[in-house]
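Please look over the model below before reading on. The notes concern its cores and its helix packing.

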Amino acid sequence: MDVETHEEDPYPDVTAAGGLVAALRQTAEARGRDIGLSPYVTEAVGMESRRGYLSVDTASGERLFRLRTSIPDFGWHIGGTDDLETLVDAIAAWREGVPLDALMARFDFLDLDEFTGALASGEPTSSQWAHLLSSEYYRPQRNLLRRLHADEVLRNAFPTMTHRAVRLQVDPMDYTSRQVLVEEPEEGLYAVVRVGAPGAAWTKVPSDQLITHLRASLCDDRPA
């Protein structure tokens, strides 16, 4: 006689809701939390925060909701819990900007050692500089990248490439932090724009003024 066996579903609440995203959304609504899930998304990834993008996935064979924070090309697992309500509360608090030490005191499932250790050691900024400076794809911008990286202030900004321009961002984890684009349309002359500034427009900057201009754009409170 055949004996049918069943594995117990470790996620009955997720199954009943119709999936992980629906379960997260329903739990957040019931608890009055804002976790940044758009009504249109179908996967629990890309919840915006000022410490990167949050994502959630589930383990197989056991009940565990795994939380991750990331920016493009870099990511860190920051903990896991079997409690959906606790997870939602933690995501909301993270997005509200609650200090990391307070988050760890409140949510004991969070493990931020790798994340905070990376930031303390200058990552992911130093790795990103190394990648761009060694990339053959960005060889046409290499001289500009080297010049920016040589400055003790600008090398602390997070660099990315947007078409032919180098984008420097004060905080790699905060998409709202101050940032500038700089390109070299012709030798010895640069074009710079402060991204997101009111009335922002490209400004031509001579070579001997470039570093001073970029420092002011990124670091000074006065308009650049």
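1. Basis. This is a predicted model; local features need pLDDT of at least 70, side-chain atom pairs count only at pLDDT 80 or more, and totals for chains, interfaces and linings use all residues. Residues are numbered from 1 along each chain as its sequence is written, and side-chain values use heavy atoms, with hydrogens and water left out.

2. The largest core. The largest nonpolar core holds 38 residues. Such a core is a set of buried Ala, Val, Leu, Ile, Met, Phe, Trp, Tyr and Cys residues joined through side-chain atoms within 4.5 Å. Buried means under 20% relative accessible area, exposed over 50%, and partly exposed in between (1.4 Å probe, protein chains only). Leu-24, Ile-35, Val-56 and Leu-87 touch the most other members.

3. Who supplies it. Two or more residues each come from helices H1 (12–17), H2 (20–31), H3 (84–96) and H5 (113–120), and from strands S2 (52–58), S3 (65–71) and S4 (74–81). H3 gives the most, with 8 residues. Helices (H or I, at least four residues) and strands (E, at least two) are DSSP runs, numbered from the N terminus.

4. Leaving out residues up to four places away in sequence, Ile-35 touches Leu-24, Ala-28, Met-47, Val-88, Ile-91, Ala-92 and Arg-95. Contact here means heavy atoms within 4.5 Å. Another core, of 21 residues, lies apart from the largest one; among its members are Tyr-190, Val-192, Val-205 and Leu-214.

5. H2 against H3. Their axes come within 10 Å and cross at roughly 75°. Axes are lines fitted to C-alpha atoms, for helices over the stretch in contact, and angles run from 0 to 180 degrees between N-to-C directions. H2 and H3 are therefore roughly perpendicular. The cut-offs are under 35 degrees for roughly parallel, over 145 for roughly antiparallel, 65 to 115 for roughly perpendicular, and oblique for the rest. On the H2 side sit Ala-23, Leu-24, Thr-27, Ala-28 and Arg-31; they meet Leu-84, Glu-85, Leu-87, Val-88 and Asp-89 in H3. The contact residues divide into 6 nonpolar, 1 polar and 3 charged. Here Ala, Val, Leu, Ile, Met, Phe, Trp, Tyr, Cys and Pro count as nonpolar, Asp, Glu, Lys and Arg as charged, and the others, Gly among them, as polar.

6. H6 against H7. Helix H6 (residues 125–134) packs on H7 at about 150°, with the axes 9 Å apart. That makes the pair roughly antiparallel. From H6, Trp-129, Leu-132, Leu-133 and Ser-134 meet Arg-142, Leu-145, Arg-146, Leu-148 and His-149 in H7. This contact has 5 nonpolar, 2 polar and 2 charged residues.

7. H7 against H8. The axes of H7 (residues 142–150) and H8 (residues 210–219) come within 11 Å and cross at roughly 65°. These two helices are therefore roughly perpendicular. Leu-144, Arg-147 and Leu-148 in H7 meet Leu-210, Ile-211 and Leu-214 in H8. The contact comprises 5 nonpolar residues, no polar ones and 1 charged.

8. Is Asp-89 buried or exposed? Asp-89, in helix H3, is buried, at 10% relative accessible area. Its contacts, not counting residues up to four places away in sequence, are Arg-31, Arg-33, Arg-106 and Phe-107. Glu-96 also belongs to H3, but it counts as exposed at 61% relative accessibility. Glu-96 and Val-205 are 109 residues apart in sequence and 38 Å apart in space, C-alpha to C-alpha.
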